[in-house]
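I opened this structure for a first look. My notes follow in the order in which I looked things up.

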Amino acid sequence: MDISALPYRPCVGIMLINPDGLVFVGQRIDNLVEAWQMPQGGIDEGEAPETAAIRELGEEIGTEKAEIVAESRDWLTYDLPAELVPKVWKGRYRGQRQKWYAMRFLGTDADIDIGTRHPEFAAWRWVPHGDLPGLIVPFKRALYEAVVAEFAPLFSA
């Protein structure tokens, strides 16, 4: 299989920021290693990325109580490790091409419910934005560093 010939899966990512300036991360339910990540998910056919971001927030953490405050300038990509390509998304994609959104959380912790219809997270917590790259699986680390750098001005106010 020529992995480089495969397309990237169109996706959104969400940096959800609470009133204390901390960012939501969830611990992946399907990883053998302890892996934490921000909510993310695929864009449906014909769906606007902004709409997908709000939908994914509801599907992954059980709330849509948020407003978009920033959008990444560019689409960011990451490649899956070669051994994962045949196992993830039925081998159709080499990785993901993501549009990232920073969102202000408008609810309370009680509004978050990771026990959704199709749970993706086993646990969740709020963390400082600078800690994000160290929590993600290594093959997504450069992407997280780019997201943190781009949205860093939101945390200096």
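I began at the end of helix 1, where Gly62, just after the helix, takes a positive phi of about 75°. The model is a predicted one, and I read each value with that in mind.

I then went back over helix 1 itself. The helix has 13 residues and reaches 18 Å from its first C-alpha to its last, close to the 18 Å expected at 1.5 Å a residue. I looked up which of its residues are buried and found Ala52, Ala53, Arg55, Glu56, Leu57, Glu60 and Ile61. These buried residues pack against strand 1 (8-17), strand 2 (23-28), strand 4, strand 5 (66-71), strand 7 (95-105) and strand 8 (121-127).

The largest pocket has a volume of about 720 Å³. I noted 32 residues lining this pocket, and the closest to its centre are Arg28, Asp30, Gln37, Glu120 and Lys140. Strand 3 (36-37), strand 4 (40-42) and helix 1 (49-61) each give two or more residues to the lining. I sorted the lining by type and got 15 nonpolar, eight polar and nine charged residues.

Last, I picked Met15, which sits in strand 1. Is Met15 buried or exposed? Met15 counts as buried because its relative accessibility is 0%, and the cut-off for buried is under 20%. Leaving aside neighbours within four places in sequence, I listed the contacts of Met15, among them Val23, Met38, Trp100, Leu132, Val147 and Phe155. I also checked Met15 against Gly58: the two are 43 residues apart in sequence and 14 Å apart in space, C-alpha to C-alpha.

Methods
Residues are numbered from 1 along each chain as its sequence is written. This is a predicted model: local features need pLDDT of at least 70, side-chain atom pairs count only at pLDDT 80 or more; totals for chains, interfaces and linings use all residues. Side-chain values use heavy atoms; hydrogens and water are left out. On a 1 Å grid over the protein atoms alone, a cavity is a set of points where a 1.4 Å probe fits but cannot get out, and a pocket is an open set with protein on both sides within 12 Å along at least five of seven lines; lining residues have an atom within 4 Å of a point. Grid points are joined across faces, edges and corners, and a volume is the space filled by probe spheres set on the points. Helices (H or I, at least four residues) and strands (E, at least two) are DSSP runs, numbered from the N terminus. Ala, Val, Leu, Ile, Met, Phe, Trp, Tyr, Cys and Pro count as nonpolar, Asp, Glu, Lys and Arg as charged, and the others, Gly among them, as polar. The expected span of a helix is 1.5 Å times one less than its number of residues. Buried means under 20% relative accessible area, exposed over 50%, partly exposed in between (1.4 Å probe, protein chains only). Contact means heavy atoms within 4.5 Å.
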